[in-house]
Amino acid sequence: QVQLVESGGGKVQPGESLRLSCEVSGSFFSIYHMGWYRQAPGQQREFVAGIGSEGDTTYVDSVKGRFTISRENAKSTVYLQMNNLKPEDTAVYYCNAGLGDYDPRKYVQWGQGTQVTVSS
C-alpha cells in the first residue's frame, strides 16, 4: 500500500508559478502511472495531469501549455510545475499512483493534499 505526501502549495498572484511535489512511499514507484488531481470547493475531484511509467504525459485542456508534470524515479517523487497560474486553478491538489487510466473515482486512498490559492 502506497502513502502519498504532497507539498509545495501556497498563495500566489495570477501569473505566478508554483512547483508541487508528491513523494510516494512503498515499492515499485517506477511502474506506476502518476497523476495529479485537484478539488475546488463544492466541486468533484478532477484529473489535471498524468505521467506514465515511460514518461508519456497527458493533461486536461485547461492546463495545457501552463503545467508540466515530471517524475524522478530515484526519489519516488512526481512534480507538477505550474506556470501562469489563474484564479480558476485554486484548489487542493492531490497526487495518486496506479496502473491504467487516471480516473480519480477508482482510488480509495488519498494523501492530505496541498492547497493552491491564486488571488490578487
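**Note on the predicted chain**

1. Contacts along the chain. Among contacts in the chain with a separation of 6 or more, 56% are between residues 24 or more positions apart. The model is a predicted one.

2. Secondary structure and overall form. The chain has ten strands and zero helices, in the order β-β-β-β-β-β-β-β-β-β along the sequence. Its radius of gyration is 13 Å, close to the 14 Å given by the globule rule for 120 residues, so the chain is as compact as a globular protein of that length. Along the principal axes, the C-alpha atoms fill a box of roughly 40 × 25 × 25 Å.

3. Burial and surface. Of the 120 residues, 44% count as buried. The accessible surface of the chain is about 6,300 Å², and carbon and sulfur atoms hold 46% of that surface.

4. Nonpolar core. The largest nonpolar core contains 29 residues, and Trp36, Leu80, Met82 and Tyr93 have the most contacts inside it. Two or more residues of this core come from each of β3 (18-25), β4 (33-39), β5 (46-51), β7 (67-72), β8 (77-82), β9 (91-98) and β10 (114-118).

5. Leu80. Apart from neighbours within four places in sequence, Leu80 is in contact with Leu18, Arg19, Leu20, Trp36, Val48, Ala49, Phe67, Thr68, Ile69 and Tyr93. Two of these partners, Trp36 and Tyr93, are also named among the core residues with the most contacts.

6. Disulfide. The count is one disulfide, formed by Cys22 and Cys95 with their sulfur atoms 1.8 Å apart. This pair links distant parts of the chain, Cys22 in strand β3 and Cys95 in strand β9, 73 residues apart. The link is right-handed, with 45° about the S-S bond. Cys22 and Cys95 are both buried.

Methods. Residues numbered from 1 in each chain as written. Predicted model: local features only at pLDDT ≥ 70, side-chain atom pairs only at ≥ 80, totals over all residues. Heavy atoms only, no water. Core = buried A, V, L, I, M, F, W, Y, C linked by side-chain atoms within 4.5 Å. Buried < 20%, exposed > 50% of the residue type's maximum accessible area, 1.4 Å probe, protein only. Helix = DSSP H or I, 4+ residues; strand = E, 2+ residues; numbered from the N terminus. Contact = heavy atoms within 4.5 Å. Disulfide = S-S within 2.5 Å. Rg over C-alpha atoms; globule rule 2.2 N^0.38 Å. Areas by Shrake-Rupley, 256 points an atom, 1.4 Å probe, with all protein chains shown as cover.
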